[in-house]
Structure formats: C-alpha cells, structure tokens
Amino acid sequence: MREGPRSGCPINAAVEALGDRWSLIVLRDIMFGGLRHFRELLANSKEGIASNILSSRLKALVAGGLLTQEEAGRGRRATYSLTEAGIETVPIMAALGSWGLRHRDTTPELRVRAQLMEDGGPALWADFMDELREIHLGIPRPHPDRPRATDRLREAYERAVAEGGAAVAP
C-alpha cells in the first residue's frame, strides 16, 4: 500500500485525497446535509451508496485527515466530524457545483444550493465554513449576528422542493 501521493504535485495530492466520487458525495452530505452518522449517510444518500462503499470511504476520509470519528460507547453511534482540512473543501465543492450548473443536466431542487453558493461567492463560503467550524470543531462563529449560511441553503432547498423543483432566487 502506498504511503504518500504518487508525486509531489499539489493537484495530484488533492485528487488522490478527494478524487473518488463517493468521497466527495460523503463530504457533501456531511457538509450540506448535516449527516453525521453512518446510518444517516446510508439512508439519505440520493445516489444510493452501498454500505460497504460508505464504510470504506468514511475510513479513507478519516485516514486522510478530512474527517474525525468519535467512537461511541457500546450500543451507540459513532459521530463523524469535519476537520479543518475537510471544511476547507467548501470552495472546491462550490466550484464543482458551479461547473455542474453550467455543463451538466441537473434537477432544479438539487441545483438550488449550488446556485446559491455560486451567487453568494467567497463571502457566503466563508460564512458557511465558519458555521461548519462551530458545528464540527466547536469554534464560535466570528460574526454571530450574521444570518446563518446553513439556514439560507436549507430554506432555498425547501422552497425549491415545495415549488415542485422550480428555480429559486437566493
């Protein structure tokens, strides 16, 4: 088994850590869906991830330093949390979503958050990352008076679903 990346290229190193589609989907579901437990991730996967694949990807994301796993006691569920490295993938996720908006067929209810992230740009990404730090790392938001990015994303998604998938402005 390889200890490090295939080369010293930063793009290669990032692709080796994030390049698997399931790894990105798991990170997306933890970030945007607030899912923190194995069964939640499995049950709420829009893409239908298999349990063995999910288990493998969670282990890889923990080993790669993008997630931590808080072991629970007997009969309790382990909780997965984003690390700072995982949180700093928000701009990557936003860029992938923007690319997908422009170049792939998507459904209105599932594209609304990507559109909001694109429209909100780096300011929204920073607020979202601050919230993720609060949720996953216990670091208070530096601007608690600002509206929560997670609320904006959730509300936009809920409006799109309620409207039957019609496009929703932020």
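How many nonpolar, polar and charged residues does the lining of the largest pocket have? The lining has 19 nonpolar, 10 polar and 13 charged residues. Here Ala, Val, Leu, Ile, Met, Phe, Trp, Tyr, Cys and Pro count as nonpolar, Asp, Glu, Lys and Arg as charged, and the others, Gly among them, as polar.

This is a predicted model; local features need pLDDT of at least 70, side-chain atom pairs count only at pLDDT 80 or more, and totals for chains, interfaces and linings use all residues. Residues are numbered from 1 along each chain as its sequence is written, and side-chain values use heavy atoms, with hydrogens and water left out.

**Confidence**
- The chain has an average pLDDT (the predictor's confidence in each residue, from 0 to 100) of 88, and 94% of the residues score at least 70.
- Helix α1 (residues 10-18) is lowest, at a mean of 78, while helix α5 (residues 84-87) is highest, at 98.
- Helices are DSSP runs of H or I with at least four residues, numbered from the N terminus.

**Largest pocket**
- A pocket is an open set of points on a 1 Å grid over the protein atoms alone, with protein on both sides within 12 Å along at least five of seven lines; lining residues have an atom within 4 Å of a point.
- The largest pocket holds about 1300 Å³ of space, a volume being the space filled by probe spheres set on the points, which are joined across faces, edges and corners.
- Its lining counts 42 residues, with Ile25, Arg28, Phe32, Glu47 and Leu110 nearest the centre.
- Helices α2 (21-33), α6 (90-103), α7 (108-137) and α8 (149-162) each give at least two residues to that lining.

**Helix α7**
- At Gly121, α7 bends by about 115°, with Pro122 following within four residues.
- The bend is the angle between axes fitted to the seven residues ending there and the seven starting there.
- Gly138 comes after α7 and has a positive phi, near 75°.

**Cavity**
- One cavity of 30 Å³ or more is counted, a cavity being a set of grid points where a 1.4 Å probe fits but cannot get out.
- The largest cavity has about 50 Å³ of space.
- Its lining has three nonpolar, one polar and six charged residues, among them Asp127, Arg141 and His143.
- α7 supplies the largest share of this lining, three residues.

**Salt bridges**
- The count is 13 salt bridges, each a side-chain nitrogen of Lys or Arg within 4 Å of a carboxyl oxygen of Asp or Glu.
- Arg57 pairs with Asp20, the closest N and O atoms being 2.8 Å apart.
- This pair links helix α4 (residues 51-63), which holds Arg57, to the loop between α1 and α2, which holds Asp20, 37 residues apart.
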